Amino acid sequence: MDLKPTLSSRISMHNIHSILYSAQGDEVRKQELYNLLYDKDDMVAYQAAWVMTHYSLHENEWLYDKQNELIDEAMSCKHTGKRRLILSLLFRQPMANPTRVDFLDFCLERMVSKREPVGIRSLCMKLAYELCRPTPELVQELKTILEIMDGEISPGIQAVRNNILKAMKKRISLQII
């Protein structure tokens with residue numbers, strides 16, 4: 001199966017499962033799919049990202065070494081759907097330590113931007129929390145930003161915000177004990 005023609009038109013879950021099956025354990029096939037993430041055709045690149053979001057946890061580990069490339073693409077990508085999918089891929093990975101400050105800044109900026117779709121804002125909030133967790137000072141800064149956000153925000157953003165604040169509170173109470 002040639003991937004580019006398949007990804008250049010609308011695909012179904014059956015197509016996704018076929019692609020995933022063909023890439024399972026095949027480094028060359030995974031690399032071919034990954035390379036299509038950077039294709040000039042937005043449809044191909046978006047659909048390649050969509051397929052990769054269906055990787056199993058084990059297959060997703062293959063992307064760990066490509067974290068910096070994925071971060072760079074997420075920060076420069078103009079296609080909001082593709083950006084959302086790349087952020088989803090990144091959320092499924094452990095964040096590298098030390099934290100990439102440019103990516104943390106990107107997430108903090110996008111999570112409060114009313115111009116961004118809810119999906120991107122939510123993922124940026126979750127990623128910002130993961131990026132801040134190793135550093136108590138950053139967690140406190142994120143908490144302050146989240147508390148200030150208590151204005152006109154959508155129910156989806158409100159739910160993510162509340163869940164992160166609860167997780168922060170729980171983490172602090174566990175540290176005190």
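**Packing of helices α7 and α8**

Helix α7 passes α8 in a left-handed crossing, meaning that the near helix is turned anticlockwise from the far one by less than a right angle. The contact is made by R83, L87 and L90 of α7 and by F103, F106 and R110 of α8 (contact: heavy atoms within 4.5 Å). By class, this contact has four nonpolar, no polar and two charged residues.

The model is predicted: local features need pLDDT of at least 70, side-chain atom pairs count only at pLDDT 80 or more, and totals for chains, interfaces and linings use all residues. Residues are numbered from 1 along each chain as its sequence is written, and side-chain values use heavy atoms, with hydrogens and water left out.

Helices α7 (residues 80-91) and α8 (residues 101-112) pack at an angle of about 125°, and their axes lie 14 Å apart.

The largest nonpolar core holds 52 residues; L87, L90 and F103 touch the most other members. Such a core joins buried residues through side-chain atoms within 4.5 Å, buried being under 20% relative accessible area. Helix α9 (residues 118-132) gives the largest share of this core, nine residues. Beyond four places in sequence, F103 is in contact with I71, M75, L87, L90, M95, L127 and L131.

R84 is also found in helix α7. R84 has a relative accessible area of 31% and is therefore partly exposed (between 20% and 50%).

How values were computed: Axes are lines fitted to C-alpha atoms, for helices over the stretch in contact, and angles run from 0 to 180 degrees between N-to-C directions. Helices (H or I, at least four residues) and strands (E, at least two) are DSSP runs, numbered from the N terminus. Ala, Val, Leu, Ile, Met, Phe, Trp, Tyr, Cys and Pro count as nonpolar, Asp, Glu, Lys and Arg as charged, and the others, Gly among them, as polar. Buried means under 20% relative accessible area, exposed over 50%, partly exposed in between (1.4 Å probe, protein chains only).
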